[in-house]
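Here's a quick briefing on a protein model, written for someone just starting out. Keep the structure open while you read and find each spot as it comes up.

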Amino acid sequence: MAETWLEYRGGARARALIRERGLDASSLAGIAGPASGPRWLVLYALDRLLIERGLPTAPRSGRPRLLVGASAGAWRMLALASSRPRETLEALMQGYARMVFPDKVSPQQVSAAYRELLGRLFADDAATMLARPEVELAIHAVRGRGAWPWRGKPGQGVALGGAAIARIVGAGGVPWLERGLFRSGPADRSFDGRQHPLTAENLVAAARASGTVPFYMEPVEDIAGAPGLWFDGGLLDYHLRHAHLDGATAPDGVLLFPHFRREVLPVWFDRYWPNRQAGEDQLADVLQLYPSRAFVEGLPGGHIPDRDDFFRYADRPEERIRRWMEAVKLGERMAEQFADDLDSGRLAERIQPL
């Protein structure tokens with residue numbers, strides 16, 4: 001029996017729709033990208049397959065397709081919506097994987113590196129991306145309420161430590177952090193947070209904010225149309241915590257969710273509480289794709305690339321890059337299996353309940 005590299009889980013409505021109609025441009029209502037750090041590199045080949053099949057931007061009965069994400073997941077979605085998606089995705093992967101920082105790098109240096117990368121990829125293309133009638137774009141970010149705690153590492157440590165305690169005590173919100181959603185289409189009426197129009201003027205800044213990791217990067221300040229200090233959207237929208245298809249996009253399709261792990265955690269702080277996963281109400285329309293155990297075991301070192309690799313290989317960046325590029329290459333196994341399951345009609349029978 002051939003090795004399984006890719007696993008599938010689906011919400012109730014997603015499973016029913018795929019059994020009835022399959023997964024194609026007509027049934028694909030959206031694609032979501034989780035906050036991931038370097039873990040997204042194993043999903044690169046899946047993203048490229050979606051581009052090659054034209055799925056992210058294919059017309060869909062007059063309705064736009066929602067491309068939504070947080071942190072690196074948002075950057076992937078912007079690449080899928082760009083005017084040259086394959087080239088942009090490749091440039092994002094290469095620029096991300098091959099980035100090298102000096103010893104004792106400062107938050108200013110890290111922020112400058114990602115500012116350059118995202119500006120180079122998306123600044124000149126922003127107006128064209130937002131004018132495409134086939135897609136709507138949405139980017140998660142988090143605003144820190146007040147100014148003092150967020151301008152230096154000591155204050156951020158106090159604020160985020162308090163946020164972790166607040167989340168551990170209960171599964172509610174964190175009063176000094178505000179969820180934000182920058183969206184190009186109509187406002188999502190069910191989103192529990194502050195919404196801002198996504199425009200050509202603020203797209204790159206919103207993308208930067210969505211991936212701005214506290215401690216390691218400077219906050220993004222006063223995004224056009226959204227004043228304040230902004231950080232990584234994954235802090236409060238880590239994997240999936242919101243049923244995006246229940247909002248402005250009609251719930252008559254599948255939200256495709258390529259993910260780097262099986263667990264779907266709503267908030268970054270929930271990493272310490274793995275049983276606190278997203279509920280059926282958020283996942284009913286979701287088709288989750290994630291690496292199998294066999295796939296992960298076959299990666300260099302038996303693990304998916306992560307941010308700690310910058311520290312593990314601080315004095316050997318070439319070894320980190322080699323391992324990351326090998327993980328990108330091995331990700332083609334998942335893409336090949338997904339293509340085969342789509343073309344053979346076996347996808348529906350392989351989906352497990354979410």
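Let's start with aromatic rings: the count comes to 10 aromatic pairs, where rings of Phe, Tyr and Trp (its six-membered ring) pair if their centres lie within 6.5 Å. Keep in mind that this is a predicted model, so local features need pLDDT of at least 70 and side-chain atom pairs count only at pLDDT 80 or more, while totals for chains, interfaces and linings use all residues. Residues are numbered from 1 along each chain as its sequence is written, and side-chain values use heavy atoms, with hydrogens and water left out.

**Aromatic pairs**

- A pair of aromatic rings is described by the distance of the centres and the angle of the planes.
- Planes under 30 degrees apart count as stacked, over 60 as edge-to-face and the rest as tilted.
- Take Phe-101 and Phe-310: their ring centres are 5.8 Å apart and their planes sit at 55°, so this pair is tilted.
- Phe-101 is in the loop between α4 and α5 (107–122), while Phe-310 is in helix α11 (residues 309–312), so this pair links distant parts of the chain, 209 residues apart.
- Phe-310 has 17% relative accessibility and counts as buried (buried means under 20% relative accessible area, exposed over 50%, partly exposed in between, with a 1.4 Å probe and protein chains only).
- Phe-182 and Trp-230 make an edge-to-face pair, with centres 5.3 Å apart and planes at 65°.
- Phe-182 belongs to strand β5 (residues 177–183) and Trp-230 to strand β8 (residues 226–232), so their pair ties together parts 48 residues apart in sequence.
- Both Phe-182 and Trp-230 are buried.
- Ring pairs also link up into a cluster of Trp-40, Trp-75, Tyr-96, Phe-101, Tyr-114, Phe-310 and Trp-324.

**Helices side by side**

- Helices (H or I, at least four residues) and strands (E, at least two) are DSSP runs, numbered from the N terminus.
- Helix α3 (residues 72–81) packs against helix α4 (residues 85–97) at about 150°, with the axes 7 Å apart.
- Axes here are lines fitted to C-alpha atoms, for helices over the stretch in contact, and angles run from 0 to 180 degrees between N-to-C directions.
- That angle makes α3 roughly antiparallel to α4 (under 35 degrees is roughly parallel, over 145 roughly antiparallel, 65 to 115 roughly perpendicular, the rest oblique).
- On the α3 side you'll find Trp-75, Arg-76, Ala-79 and Leu-80, which meet Pro-85, Thr-88, Leu-89, Leu-92 and Tyr-96 of α4.
- The axes of helix α12 (residues 317–330) and helix α13 (residues 332–344) come within 4 Å and cross at roughly 10°.
- α12 and α13 are therefore roughly parallel to each other.
- Their contact (heavy atoms within 4.5 Å) is made by Val-328, Lys-329 and Leu-330 of α12 with Glu-332, Arg-333 and Met-334 of α13.

**Salt bridges**

- The structure holds 24 salt bridges, each a side-chain nitrogen of Lys or Arg within 4 Å of a carboxyl oxygen of Asp or Glu.
- Glu-319 and Arg-322 form one of them at 2.9 Å, N to O.
- Both of these residues lie in helix α12, 3 residues apart, about one turn of the helix.
- Glu-319 is buried at 17%, whereas Arg-322 is partly exposed at 45%.
- Asp-341 and Arg-350 meet in another, at 2.7 Å, N to O.
- Asp-341 is buried, with a relative accessible area of 3%, and Arg-350 is partly exposed at 23%.
- Salt bridges that share partners also join Arg-48, Glu-52, Arg-86, Lys-329 and Glu-332 into one network.
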